[in-house]
Amino acid sequence: MEHVRDVSALPKAHLHLHFTGSMRPATLLELADKYGVRLPETLTEALTSGEPPKLRATDERGWFRFQRLYDAARSCLREPEDIRRLVREAAEEDVKDGSGWLEIQVDPTSYAPRLGGLIPALEIILDAVDGAVRETGLGMRVLVAANRMKHPLDARTLARLAVRYRDRGVVGFGLSNDERRGMARDFDRAFAIARDGGLLSAPHGGELTGPSSVRDCLDDLHAHRVGHGVRAAEDPRLLKRLAERGVTCEVCPTSNVALGVYAKAEDVPLRTLYDAGVPMALGADDPLLFGSRLAAQYELARHHHGFTDEELAELARQSVRGSAAPEQTKAELLAGVDAWLGGPVA
Ligand SMILES: [Zn+2]
């Protein structure tokens with residue numbers, strides 16, 4: 001067989017991973033036990049079986065159910081030590097999957113009530129990231145993400161906070177939750193604050209809604225990267241624009257299938273984006289709920305889309321180039337990609 005290099009050994013960057021969604025299932029079960037939280041049955045089933053719950057998030061009820069599961073998991077993160085554990089374990093899992101650089105995405109607002117407020121919450125998270133970097137050797141930074149279900153003024157507050165903590169490990173600003181709610185341009189001021197403050201603009205778009213939401217990310221939020229962006233595949237002109245501008249799409253195939261954006265892995269338009277020259281960074285999104293992590297996304301590209309080792313290496317390079325890693329780190333990871341290709345085929 002030709003495709004036999006181990007994708008877990010392929011150096012890569014992980015640019016789309018949500019905070020609570022990165023948790024190990026066993027950790028969530030332990031924390032739920034610690035705090036006496038009764039998790040919804042669909043969630044416990046998914047955690048113990050490793051089979052993602054069927055959510056069909058493409059309709060609003062399904063998305064709401066997904067958010068409810070996510071909220072239940074989030075409610076088990078209560079103390080700084082829980083945060084430290086989550087971050088350390090996310091880093092360990094990434095290292096196992098060959099990641100050399102992880103940008104984890106978090107809305108600190110969600111954790112603020114239990115951690116003493118917005119600023120303490122962000123500081124606890126950033127300290128946890130520093131600790132994980134020291135312990136695992138992984139390069140790791142934070143994207144602060146606003147929630148589009150909330151008021152744009154909240155997003156502005158978050159953007160200012162994110163900029164203030166730029167030197168402490170925040171590298172970008174995101175926008176998450178239901179793309180069908182509100183308009184990207186409602187958040188343009190928040191993104192202007194973030195960009196002027198030197199942060200990457202990395203909003204979600206082109207997942208639950210079509211190409212127009214990707215265009216909005218480009219036109220209104222001047223996105224450097226787009227979270228998901230896969231639905232751009234429906235519009236050749238948009239693909240051309242993404243390719244020409246070098247806007248990286250953070251594509252999360254397992255998530256797309258789990259949430260019903262596409263019916264099967266083969267339907268995720270990885271080939272369409274790749275052939276159009278749109279840079280991609282494969283990501284796991286919420287492995288806690290979707291049951292597979294970073295290396296599995298590369299496996300999926302190999303098995304369901306016929307990506308050769310040379311093409312998988314190119315995907316890994318694209319993830320590195322799209323990251324906010326320092327040039328030195330990028331150079332090391334890119335050299336590692338070449339070494340992987342030049343290495344033994346088992
Ligand atoms: Zn996401």
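Predicted model: local features only at pLDDT ≥ 70, side-chain atom pairs only at ≥ 80, totals over all residues.
Around the zinc ion, the four donor atoms subtend angles of 83 to 174°, which makes the arrangement irregular. Residues are numbered from 1 along each chain as its sequence is written, and side-chain values use heavy atoms, with hydrogens and water left out.

Let us meet the donors. The zinc ion is coordinated by His16, His18, His204 and Asp285, at 2.1 to 2.5 Å; donors are N, O and S atoms within 2.8 Å of the metal, and since water is not among the atoms, sites may look incomplete. His16 lies in strand S1 and His204 in strand S5, so the pair ties together parts that are 188 residues apart in sequence. Strands here are DSSP runs (E, at least two residues), as are helices (H or I, at least four). Both histidines are buried (under 20% relative accessible area, with a 1.4 Å probe and protein chains only; exposed means over 50%).

| His16 | NE2 | S1 (residues 12-18) | 0% |

Next comes the nonpolar interior. A nonpolar core is a set of buried Ala, Val, Leu, Ile, Met, Phe, Trp, Tyr and Cys residues joined through side-chain atoms within 4.5 Å. The largest has 105 residues, and Ile83 and Phe173 have the most contacts inside it. Helix H6 (residues 118-136) gives the most to this core, with eight residues. Beyond its neighbours within four places in sequence, Ile83 is in contact (heavy atoms within 4.5 Å) with residues including Phe19, Tyr111 and Ile124.

Finally, which residues of helix H10 are buried? In this helix (residues 236-245), they include Leu238, Leu239 and Leu242. Seen down the axis of H10, the buried residues fall within an arc of 105° (taken from the directions from the helix axis to the C-beta atoms), so they line one face of the helix. They pack against helix H9, strand S7 and helix H12. On the other side of H10, Pro236, Arg237, Lys240 and Glu244 are exposed. After H10 comes Gly246, whose phi is positive, near 65°.

Terms used:
Donors = N, O, S within 2.8 Å, 3.2 Å for Na, K, Ca; no water. Tetrahedral: all angles 85-135°; square planar, octahedral: opposite > 155°, others 65-115°.
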